[in-house]
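Hello,

Here is the structure I promised to hand over. My notes follow below it.

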Amino acid sequence: KTYRKIFKNKKFKFFSNKKIKQFKNVRYLSHVENRSNNIFFKKNLSFLRDEVQKIYKPKKNNQYILVSRENSVKRKLLNEDELFVELKKIGFKKVLFENLTVDQQIEISANCKIMIGYHGAGLSNCAYMNKKTTLIEVSNKKYPHPHFELFSEVLGVKFKRFFCKENFNNLNGICNIQQIIKFVKKIK
């Protein structure tokens with residue numbers, strides 16, 4: 001619904017979930033750092049965020065969220081529950097974006113002041129965050145992809161990455177909770 005409004009003047013073809021079982025080989029969409037010309041990406045990411053904000057008219061950017069990967073099969077933050085216990089004490093809510101509609105994801109992200117999460121697709125919702133908000137990515141040292149840093153740079157969102165203190169070959173990790181909490185308290 002939201003994308004149809006935003007891109008009504010573009011020649012895009014929209015598909016319902018019933019028609020499409022799976023996209024294959026779309027790494028070019030998410031791994032923009034691999035492309036030689038990011039001008040298209042930068043221009044359209046900013047356009048998308050600006051158009052979304054016209055529709056959702058963000059409130060006061062007062063939400064603090066932890067983007068959970070608890071339902072993920074791989075690339076998990078093994079101490080996510082313990083991290084959330086500490087984040088909850090300072091006003092954070094846990095969000096599982098895969099359980100929400102696109103419109104709900106956009107609304108939460110457009111009203112988010114601080115978004116924290118382990119590297120994964122859910123953090124792509126940072127595309128709807130306002131300027132001067134903060135994205136905190138927790139990442140396995142063996143998987144240091146820079147695309148959320150690039151998203152943040154393009155959008156004027158502050159960015160901080162914490163690498164895990166324990167990094168496993170299957171890309172799971174264990175973060176330093178106190179280091180993250182200390183940083184969050186400082187910027188909150």
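**A buried arginine**

Arg-49 is found in helix α3, residues 39-56. Helices (H or I, at least four residues) and strands (E, at least two) are DSSP runs, numbered from the N terminus. Before you read on: this is a predicted model, in which local features need pLDDT of at least 70, side-chain atom pairs count only at pLDDT 80 or more, and totals for chains, interfaces and linings use all residues. Residues are numbered from 1 along each chain as its sequence is written, and side-chain values use heavy atoms, with hydrogens and water left out.

Is Arg-49 buried or exposed? Arg-49 counts as buried because its relative accessible area is 3%. Buried means under 20% relative accessible area, exposed over 50%, partly exposed in between (1.4 Å probe, protein chains only). What does Arg-49 touch, leaving out residues up to four places away in sequence? The list is Ala-127, Tyr-128, Met-129, Asn-130, Lys-131 and Leu-155. Contact here means heavy atoms within 4.5 Å.

**The whole protein**

There are seven helices and seven strands. From the N terminus on, the elements run α-α-α-β-α-β-α-β-β-α-β-β-β-α. Buried residues make up 47% of the 188 residues. Take the contacts between residues at least 6 apart in sequence: 67% of them join residues at least 24 apart. The protein exposes about 11500 Å², and carbon and sulfur atoms supply 51% of that. Accessible areas come from the Shrake-Rupley method with a 1.4 Å probe; for residues, only the protein chains shown count as cover.

**The sheet and its helices**

Five strands form an open sheet with parallel pairing, in the order β2-β1-β3-β4-β5. Its edge strands are β2 (92-95) and β5 (158-163), each pairing on one side only. The twist averages 20 degrees from one strand to the next. Two strands pair if DSSP finds at least two bridges between them. Strand β4 (residues 134-139) and β5 pair in the parallel sense over six bridges. Across that pairing, Leu-135 stands opposite Phe-159 in β5.

Helix α4 (residues 80-89) packs on the sheet and touches β1 (63-67), β2 and β3 (112-118). The direction of α4 makes about 145 degrees with that of β2. Helix α6 (residues 147-155) lies across β4 and β5, running at about 165 degrees to β5. Axes are lines fitted to C-alpha atoms, for helices over the stretch in contact, and angles run from 0 to 180 degrees between N-to-C directions.

**Rings**

How many aromatic pairs does the structure hold? It holds three. Rings of Phe, Tyr and Trp (its six-membered ring) pair if their centres lie within 6.5 Å; planes under 30 degrees apart count as stacked, over 60 as edge-to-face and the rest as tilted.

One of the pairs is Tyr-64 with Phe-92, tilted, at 5.4 Å centre to centre and 45 degrees between the planes. This pair links distant parts of the chain: Tyr-64 is in strand β1 and Phe-92 in strand β2, 28 residues apart. Tyr-64 is buried at 13% relative accessibility, and Phe-92 is buried at 3%.

Why is the pair of Phe-148 and Phe-151 edge-to-face? Because the planes lie at 70 degrees, with the ring centres 5.8 Å apart. Both residues lie in helix α6, three residues apart, about one turn of the helix. Phe-148 is buried, with a relative accessible area of 1%; Phe-151 is buried too, at 9%.
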